[in-house]
Amino acid sequence: MSPNSSASSDGVTRLNVLSYPSPTTGRYILFLVALVASGLFVGSWLFNEVNGDAWARIVAGCQETAASAGVGSSPEAVLARVEAAQRCAAPAERVRGVWHVGGAAAVAIGGLVVLRAMPSLVRRRRGLVAPPPKYGLVVSRFEELAGTTGLRRMPQPVIGPQVPDAFSFGRPGEYTVALPRWVVVGLQRPGPADGVVRHEFAHIRHRDVELAWLARSVWYVVGPLLLIPALWGALSGDLSLVGQYLWRTVLLAVAVELVAAALLRSREHDADLRAGDTDVHLETLREALKHVGDSSETGRLKQLRARHPGRDDRLRALESPELITRTGFVDAATAAFLGALVLPLVASATAPLLALVGPTMPGEGAGALLVGPLLGLTVGMGMWRARTMEEASRTAGFPAPPESSRGMVAFGVATGLPLGALSSLGQAGTTVAGLTDPLWLVVPVIIGAGTVALTDSLGRLWAPMVRLADRPWKVWLPAAGANIVLFTASTWAWSSLQAGFELVGWPGVRLWLVEGYSGPALVLTSLALSSMAVLAALFRKRAITRPVPSWLVRPRPTIGSVPVTASATEDDNVSVVRCVGWGAASGLVGAVVLVGWRLITGPAATETARWEVAVTVPWVGGAAAGGCVLGLALARPKVGPAAGLVAGPAALLVTLLGFLAFNLSRGGALTAEFVGSFLWPAITIGFLLSLCAGATTAHPWHARSGAVGRRAVLAWALSLCITAVAALVVVGMHPTTAEEEGSGERSAPSPSTPGQEQHTYATMLAPQYGRAYQQMDEELVTASNLAASSSPAAAGHLRSVVLPRAVQLRETAEAYAPLTDEVATIHSDLVAALELTEEKTTMFADALDAQDPALYDRALAVQEEEYALLNRWDQSVRRLQETGTAP
C-alpha cells in the first residue's frame, strides 16, 4: 500500500511538520530578548552621565582603602586587596546594576504600552470599522470558521478602504482581522475567501500576532532611545563614544529590519500549513493564493526585505511541507548574531547587580543561561526537526527533500557569533569585542561549529525514534531538552574560556580547566548527552522497522499508520558495543602513556610531582576521549560525533582505570575523593575537546557506499593513533619530576677556606639566592593574575609552581654549611625566611581553596615575618659587600 492510499482516495498525504515545534518561535523570542537587552546599554549610559563621576570617586576611594588589606605582590595579597575593594564598592555597584536593569525594564514597559495603544492607532490610520449590519452573513461565516479552528477567543472582523490584503493585529487575547473587499464578498459562500480567513486564524493560533506586534512595539521604543547617546554626544561635544557607538546602532537597525522580515516570511509558511490541514482546506487555500498579491521580488535586497514569501514558494511548501524545515546559513547566522549581541550586555549588567566578592564570572554564567537555551531551541531544534522530517520522508516513500547542510549551519554560527560580539552595544567604548587580543574570537568559532556538528549528528541518530512515539511531544520534548543543555553548556564554555584566555592566558586556562571547570554543570551535560546517544543507538534497530506514526502525516490515515517503504541508511547506524570497543582501545593507549610517564618520572614524592600528576592525568583522560571522537568523526563524519558520545566516555574511563590500577599497585590510596579529583575534570576536558573534534565535521563528506567495514577499521586506527599522539603531547608539556629536582641551585660554589667565605657569599652565593627568589616572586605575580579570576586556578599555581620552587630554594640554602660564625648568622636569617615562604605559600593556597578569611589573616602575619627576615638578610649582605664584614 502506498502512502497516498492511506488517506482518502482523492486526498494528498503530506508530512505534518507542525507536529514538531517550529524553531522560528525561539528565534522570535531571541529577537525580542536582543531588543529589550539593548535597554541595558541605555541604562548604563544614563548612569554614567548622571552618576558616573560620583561612582568613579567611590571606587577610587575603595581602592585606596583596600591598599592596606594586603601587602606585597603575592596572589594572596592581590586577592585580599581586590576583595576588600569589592566589598567596599558593592553598594555603589549594585546601584549601577539597577540602572542597567532599569533601562531594560523601561524598554519592556514602553513596548507593552505601545502594544496596547497600537490597535487603536492602526484602526484610525487605516480607517478600519466593524462590518455594518448588511454584512451579517459575512460575520456569521467568519465566526463559523473561527469556531472550527480551535481559537479560544473570537477575533473581531473589520473592514476599511485601505486593506489590500488581509492581516491580523491586536493585544494578547483581543485580536482583530482586517479583511479586504474581495474576501468580504467571498465570505458569503464557501470558497477561496475561507482560505484567507483560516490563514489569519492560524497566525493567531500560532501566537504570531503577539510576537510580531510586540517586537515592532519594542523597536518603536528602543530605536529613539538609542539615538539619544549619539545626539547628546554631538550636542555636548563629547565624541569619544560616538564613533564606536553609531555604527553599532546603525547595524542593529539594519539587523532588526532584515530579521523581522525573515521571521514574518517563515511564519507565513506555518500559517499556510495550518490553514490547509485537510484536502478541502488545502484546495481553498490554493485558490486563495491566486487572489492575493504575489510578493515575489526581483533583486536580492528586495527579497531580504519582503514580509511574505513568493506565491510559488508558498504553493511548493503546501505540496511538500518538509521543504520549509531546512535550516540554512541565514537561520543559523541570525540566531548566533542575536545571541552574541546579548551576551556582553547581560554580562556587563549582571556583574554589578550581584556585586559578588571574590574571583567569579557571574556575567558569563547569566548570559549563557539566557542565550544558550534560545540558541538550542532555534539552531539545535531546527537541525533536529529537519533530520526528523528527512527520515520520515524516506520512510513513508515521499520524494526525499534536499538535506539540510551541516556545513552551512556551522558556517552561519561561526560567522554570527564573532560578528555579534564585535557589534554588541556592550562593547562600545572597549577594545575589539572587548578583547585585547582579537585572536580569542576563534574560541566561539571552533566551539560553536563543534556544537552544531554534535547536535546534527545526534539529531540524525535520534530521528528514527519518531516511529516509536504515539504522541509528538514524546519526540520533540527530549530533543528540546538535549539542545537546551548542549547549547547552554557550550555557550558558557566558550564565553568563559574566552574571558579566561583574555585574563590569564593559556597557562592559567590549563589549570582552570582542571580546577574551575570541574563543577557539576559540564559533567552532568556530558552524562546526559551520552545517555541520550546510548538510548538512540540501542533502540535504532527497533525503530527503523516501525512505520511512520499517523500523527506525522496529514490528512491522517483512516486506519493504522503509514507503512514503511524505505529505511534509514546503513551509514547512520551506530553499534554501542563497537563504540565501547573503540573507546576501550583508545583508553588503553592513554593508560599505557600515563603508566610509562609515571615510570619515567618516578614516585610522586614532592609537591611538584603530586601536582603534575593531578593536572596531567585529567588532561590525558580528556585527550583520550577527544582523540577517540576525532577518529570517529574523520572516519564517519555524519554520525561520528554522536558515536563519540558513547566511545569517548569509555576511552576516558579506561584511561583513568589504568592509571588508578597502576597507582594502587604502587601502594597508592583509592578513595572517592581521590578518584573524583581526576574523573570530574577529565570529563569536562573530554567534553570540550570532543566539541573541538566535532568541528572537523562541520562540512561532512559522503563516504562511498559499501565501505562501512573499511570505515570501521579506519575509525579504529584513527582513534588509536590520534589518542596516542594527543596523550604524548599532553605528558610532553609537563616537566618530569627528575627535571624539576635537577634544575635547582645545588651547584652553588662553596668557598675553599674561611678567609674566602665572606667574599664568596657576598658576591656569588647571595646574588644567586636573590635571583632564585626573584624568579619565584615572578610566579607569584602570575598567580596574582589567576586569583583575580579563579581561586582554584590560583591555588593550583601556588602548589604546582611557587611552592616547589620555595621548597627547592630552602633545601638549597639548608645544604650550604657556613664556615664562619658571621656568615652563619647572616645565612640563618635567609633559611628562616625561606621556611616562612614555604609556610605562607601553603597557607595562602589552603585559604584560596577554603575561602577562609581567618586563614588569610594568619598567612599575612607569616608573610610580614618573612619580609622582616629577608630585609635583615639583605641589609647584612649589602654591608658585607661594602665592608667585607657583618655587624
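A charge is taken to sit over a ring if NZ of Lys or CZ of Arg is within 6 Å of the ring centre and within 35 degrees of the ring normal. By that criterion, the charged end of R598 sits over the ring of W597, 5.3 Å from its centre. R216 likewise lies over the face of W213, at 4.5 Å from the ring centre.

Colleagues, a word on the basis of these values. The model is predicted, with local features requiring pLDDT of at least 70 and side-chain atom pairs counting only at pLDDT 80 or more, while totals for chains, interfaces and linings use all residues. Residues are numbered from 1 along each chain as its sequence is written, and side-chain values use heavy atoms, with hydrogens and water left out.

I turn to the aromatic pairs. Rings of Phe, Tyr and Trp (its six-membered ring) pair if their centres lie within 6.5 Å; planes under 30 degrees apart count as stacked, over 60 as edge-to-face and the rest as tilted. The count comes to 7 aromatic pairs. One of them, W384 with W462, is tilted, at 6.4 Å centre to centre and 40° between the planes. Because W384 belongs to helix α12 (residues 362-396) and W462 to helix α14 (residues 442-462), this pair ties together parts that are 78 residues apart in sequence. Helices here are DSSP runs (H or I, at least four residues), numbered from the N terminus. W384 counts as buried at 1% relative accessibility, where buried means under 20% relative accessible area (1.4 Å probe, protein chains only). W462 is also buried, at 11%.

Finally, F167, F169 and W213 form one aromatic cluster.

Definitions and conventions:
Helices (H or I, at least four residues) and strands (E, at least two) are DSSP runs, numbered from the N terminus. Buried means under 20% relative accessible area, exposed over 50%, partly exposed in between (1.4 Å probe, protein chains only).
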